[in-house]
Amino acid sequence: MTPDQTGFVTLLKKEVMRFWSVLGQTVTAPVVTALLYLLVFAQAMKGRAPVYPGVDYTEFLVPGLIMMAVIQNAFANTASSLTQSKIMGNLVFLQMAPLGPLDWFGAYILAALLRCTLVAVAMLLVTMPFVQMPMHAPLALLSMFLLSAGSLAVLGMIAGIVAEKFDHIATFTNFFITPLSFLSGVFYSVHALPPIWFKASHFNPFFYMIDGFRYGFLGHADVPIVYSLLWSFGFFALASAICLRMLVTGYKLKR
Amino acid sequence: MSSTSAPTADAPASALAICGIRKRYGQLEALRGISFEIRRGEFFALLGPNGAGKSTLISIISGLIHASEGTVSVLGHDTVRDFRAARRLLGVVPQELVFDPFFKVREMLRLQAGYYGCGRETWPWIDEMLERLELSDKANVSMRALSGGMKRRVLIAQALVHRPPVVILDEPTAGVDVELRRTIWSFMSDLHRKGTTVVLTTHYLEEAQELCSRVAILDRGSVAVIEPTRQLLARHPYRFLRIKLVGDARLPDALQSLVTAEVDGAVELKLETRRNPIGGVFDALRNAGIGIEDVHTREPDLEDIFIELTGHSAKVGAVT
């Protein structure tokens, strides 16, 4: 390994160690929350007409819950790490190290992807007693997972760079991430919404992430999978371009 | 990576070359075109009153802030265009007591080494540093559980973990007890003897005077003076005479203008070597019939020169 590669791998390792040291908070807690949603909603919606022909509501719900947890945890991982380092002042150790913008970007995003993978796999395992999820299109499933988790991890980085206190991150989470992830078809098909909200949902990037991810499992979706892939890729590309620009110029990181 | 020894034929003579550095914050110009070089193997002091621009300059050198103008190179590597090479050659001990609460001391040092491209080969060096800095028994303790002095020592170890040939210490002994200061300086002196270039900022001018071969004094964003320490001390044309008079005697009026301080019943006079010879003071006292109980002379130190050049005491107030 070259010194540059060692630097990158070390930063990745540090980010993984950071969330690993509080695994109960970073992986177990979102799994428990999602399980509670599953128990409550599956019971409440029992006996209702299926959303898609031949698809049980629990089957419909699980992919949405997984993706919602992925979205929230990808964002939280990068945003909290960067904000905490900025506020504690220990970000200087990375700023003074021979690490470039791509090293930062890659290490923070990959660590978030790893946390999201753990969350997603753990959720699949704990929901197995309730529902056996089919896997209709594994490649689409994987692509949607990577693009969605990647996009939110990048968004978390942007928020972490911009934030000057934890309050800013809470604002991002409470007024942007949580509402958009709840209003994106996790618990329902957007076809069940009034026309105006149906149209509005199509401007919510999280809707495509959840819909495309669900397609990977069930083979059913509210919009064609190509749309979901393109929207998610576009969102990831745009967020990445903004984030990399911030890292290259040192926006809010260097005075 | 190992510490530097004598410069080779193709190696640059400058450990640090600072060229025309300016830093503006809106209307405020914190650094006003600073240029100087620090030679390889020097123990160099960067002094200045609060707000002089020392920490701003160090932040520019270490890549924490952008310069508005100018360049810095570390052993010939530009800190912007060739930042990876420059940063691998540089270790910086920051002024603030910053730490990552998620990690233990040894864990933190190994990660720090990794950022600089170093692997397991640095582990013995990490253990050696822990021993030298009296942290061996804290190696597996969380950073959160350390006292301020211990955190300061970990910061020093973090800066040295990749064995940089150039080290900058920004106020490393601020708030540190005497024993720990000795430990830190003994360790840094050893590294310097082995060829490491050390740049020090401190408010304890006696440290700079004792350790550093050359001194730069910054004032209001400019270099007020940069000279070898001995030369700087020698060119000061004053000496100080502290006398305690017998009884309640008062100094003759002719000497009153020379008084700079009164301590424990004694007065300190600042005498210009040519114009006010010490013999003249004794003659004036004898002529006035005033007896002397005690007398003490001292040469000017960096503190005196610092005050003369900047109009500030180095030991007052918070650090910049």
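In strand β14 of chain B, B:Ile292 is the bridge partner of B:Leu245. Strands here, like helices, are DSSP runs numbered from the N terminus (E, at least two residues, for strands; H or I, at least four, for helices). The model is a predicted one, in which local features need pLDDT of at least 70 and side-chain atom pairs count only at pLDDT 80 or more, while totals for chains, interfaces and linings use all residues. Residues are numbered from 1 along each chain as its sequence is written, and chains are lettered from A and ligands numbered from 1 in the order in which they are written.

Strands count as paired if DSSP finds at least two bridges between them. Of the 7 residues of β14(B), 0 are buried, so the strand lies largely in the open. Buried means that 20 or more other C-beta atoms lie within 10 Å of a residue's own, with C-beta atoms placed from the backbone; 12 or fewer makes a residue exposed, and anything in between partly exposed.

Chain B also holds an open sheet of 4 strands, paired antiparallel in the order β2-β1-β4-β5. Its edge strands, each pairing on one side only, are β2 (28–39) and β5 (77–78). Between β1(B), residues 14–25, and β2(B) there are 9 bridges in the antiparallel sense, and B:Tyr25 sits opposite B:Leu28 of β2(B). Lying across β1, β2 and β4 (69–74) of chain B is helix α1(B), residues 54–62, at about 115° to β1(B). Such angles run from 0 to 180 degrees between N-to-C directions, with axes fitted to C-alpha atoms, for helices over the stretch in contact.

Over in chain A, helices α3 (57–88) and α7 (166–182) pack at about 170°, their axes 11 Å apart. That makes α3(A) and α7(A) roughly antiparallel, a label for angles over 145 degrees. Among the residues making this contact are A:Phe75 of α3(A) and A:Phe172 of α7(A); contact requires C-beta atoms, placed from the backbone, within 7 Å. By type, the residues of the contact are 8 nonpolar, 4 polar and no charged. Nonpolar covers Ala, Val, Leu, Ile, Met, Phe, Trp, Tyr, Cys and Pro, charged covers Asp, Glu, Lys and Arg, and the others, Gly among them, are polar.

As for where the chains meet, 23 residues come from chain A and 25 residues from chain B. On the side of chain A that touches chain B, α1(A) gives the most, with 8 residues.

Note on methods
Angles under 35 degrees count as roughly parallel, over 145 as roughly antiparallel, 65 to 115 as roughly perpendicular and the rest as oblique. Two residues are in contact if their C-beta atoms, placed from the backbone, lie within 7 Å.
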